Amino acid sequence: MRFALTMLPAVPIFLAAPVIPPAPAPPAPAAAAAQSAPAARPAAAHASSGGQAFPFPVKEKTLPNGLKVYVVAFDSPGLVAYYSVVRTGSRNEVEPGKSGFAHFFEHLMFRGSENYSAEKYNAVIKEMGADSNAFTSDDLTVYHILASNTALPKIVEIEADRFQRLQYEEAKFQKEARAVLGEYNKNASNPIEKMVEVLYDNAFTTHTYKHTTMGFLKDIENMPKELIYSRQFFERYYRPENVILLVVGDADPEKVFRLVEKSYGEWQPGNKHPAVPLEPPQKKEKRAALSWKGATLPLLLEGYHTPAFSTVNVNVPTLDVLSELLFAERAPLYKRLVINEQKVETLVGSNDPHVDPNLFTVLARIKKPADVEYVENAIHEEMARIAREGVDEKTLAEVLSHVKYAFAGQLSTADKTATTAASFLALTGDLESINTYFALFDKVTSADVKRVAAAIFTPANRTVVTMKADK
């Protein structure tokens, strides 16, 4: 996920990052076979942590049409989270001039279906005392409902209906297109949103990560004219083999499977999706300097190309470790710039998981314009130091422990657990990937930290965006 103000392609990809010297790879997990009957899977235990990243009992089933269903037992008496995970986000907007449609459908899916108008759908949700919403990101679109488990039959019915029989006429379509433009304009009032837009537009030349989830402004402005294309988009991506149902909480798996089979069983699979273009390696530093007409502190935003998410490549969790070593509040760089020298108000950095190679991002909100260059140099110096020296074993163990503890904190409720699980389902299509990925953290060494930092944090692999208030 990119900075927010309010995570495998069928063909090999070229990493947008430089080639990282390989580390000994862990054995690849066996592919899970499609299930024609429900199968229980205990979560895989970590090799050395003595625990499980995702400790909840899971049952899964795959319908003949390709729709996969997961039921996760979570101690939430009488409560369930029902998530429909569409493995389509702004990454899949491959046609020129058609960016923003994954997010657009987050709006359109609430405009009514063959059997439930928007008003009738909302009345049902209200009657159930449920919470219904949705969100879109680079790699996924998720529709989620939190409700009493007694409402499951009705939830399955209304969700299956809008996924298979969505209806909207031109007037509703254009109204939502204008709403999306309004949302873009609202976001554009924040300087960080503009910087993120410019960062990705500059860092990517070919891949669809070039545009944000909102899409390019010119494409959003043209949306009201794209009614026919919108229906093509829906027919292409809202298909059973591209959707995963996730039910977390107090639910009987067998009952859930029967309900899903009844309401989704006749849903027909779709056609092959167009390929997402591959991003070539970046060979030189890119920079953009922006000015802001309103009041803002100076801002520095950097992006470094990184590998795609993987459950077998230790370089990916190593980048998570590096984000802690460099930018956590206990990190030397944070203490220097934020606490001791007090030149920086905010300093954050992260490597968020994506289906294809994306960016490790760094954001600094700086107190004085004269200190922007100083802060940028300090960040680069600390990255270079980590690449030379690595990290001592005690600190590495502490960071790994913190990462695992922080992840456990994301599983405190049925809704939060479903949100976390949905991200991994979008990345891999398999809930077991949570445990497989977190087992990789036990394999990260100080040598990995040095090697990955040296390969990723280079000038040629860097895109920099700065912003200062217009004088």
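A word on the ground rules: the model is predicted, so local features need pLDDT of at least 70 and side-chain atom pairs count only at pLDDT 80 or more, while totals for chains, interfaces and linings use all residues. Residues are numbered from 1 along each chain as its sequence is written, and side-chain values use heavy atoms, with hydrogens and water left out. Helices (H or I, at least four residues) and strands (E, at least two) are DSSP runs, numbered from the N terminus.

Let's begin with the open sheet, where 5 strands follow the order β8-β12-β9-β11-β10 with mixed pairing; two strands pair if DSSP finds at least two bridges between them. At the edges stand β8 (286–292) and β10, each with a single partner strand, so one side of each has no neighbour in the sheet. From one strand to the next, the twist averages 10 degrees. Axes here are lines fitted to C-alpha atoms, for helices over the stretch in contact, and angles run from 0 to 180 degrees between N-to-C directions. Helix α11 (residues 372–389) packs on this sheet and touches β8, β9, β10, β11 and β12 (462–469), its direction making about 30 degrees with that of β9. Contact means heavy atoms within 4.5 Å.

Now look at strand β11 (residues 359–366). Because 7 of its 8 residues are buried, β11 is largely enclosed by the rest of the structure. Buried means under 20% relative accessible area, exposed means over 50%, and partly exposed lies in between (1.4 Å probe, protein chains only). Strand β9 (residues 299–305) pairs with β11 in the antiparallel sense over 7 bridges; Glu302 has Val362 of β11 as its bridge partner, and His305 has Leu359. Strand β10 (residues 344–351) is also antiparallel to β11, joined to it by 7 bridges, and there Gly349 stands opposite Val362. Val348 belongs to strand β10 and counts as partly exposed because its relative accessibility is 35%. Val348 and Leu301 are 47 residues apart in sequence, and their C-alpha atoms are 9.8 Å apart in space.

Another covered strand is β6 (residues 141–148), with 6 of its 8 residues buried. Strand β4 (residues 79–86) runs antiparallel to β6 and is joined to it by 8 bridges, with Tyr83 partnered by His144. Strand β5 (residues 131–136) is antiparallel to β6 too, through 6 bridges; Phe135 has Val142 as its bridge partner. A hairpin of 4 residues joins β5 to β6.

Turning to the helices, the axes of α1 (residues 101–108) and α4 (residues 170–187) come within 10 Å and cross at roughly 120 degrees. That angle is why α1 counts as oblique to α4: under 35 degrees is roughly parallel, over 145 roughly antiparallel, 65 to 115 roughly perpendicular, and the rest oblique. Among the residues making the contact are Phe104 and His107 of α1 and Phe173 and Val180 of α4.

Finally, find Thr417 in helix α13 (residues 414–428). Thr417 counts as buried because its relative accessibility is 0%. Leaving aside residues up to four places away in sequence, Thr417 touches Phe54, Phe56, Phe74, Val248, Gln410, Leu411 and Ser412.
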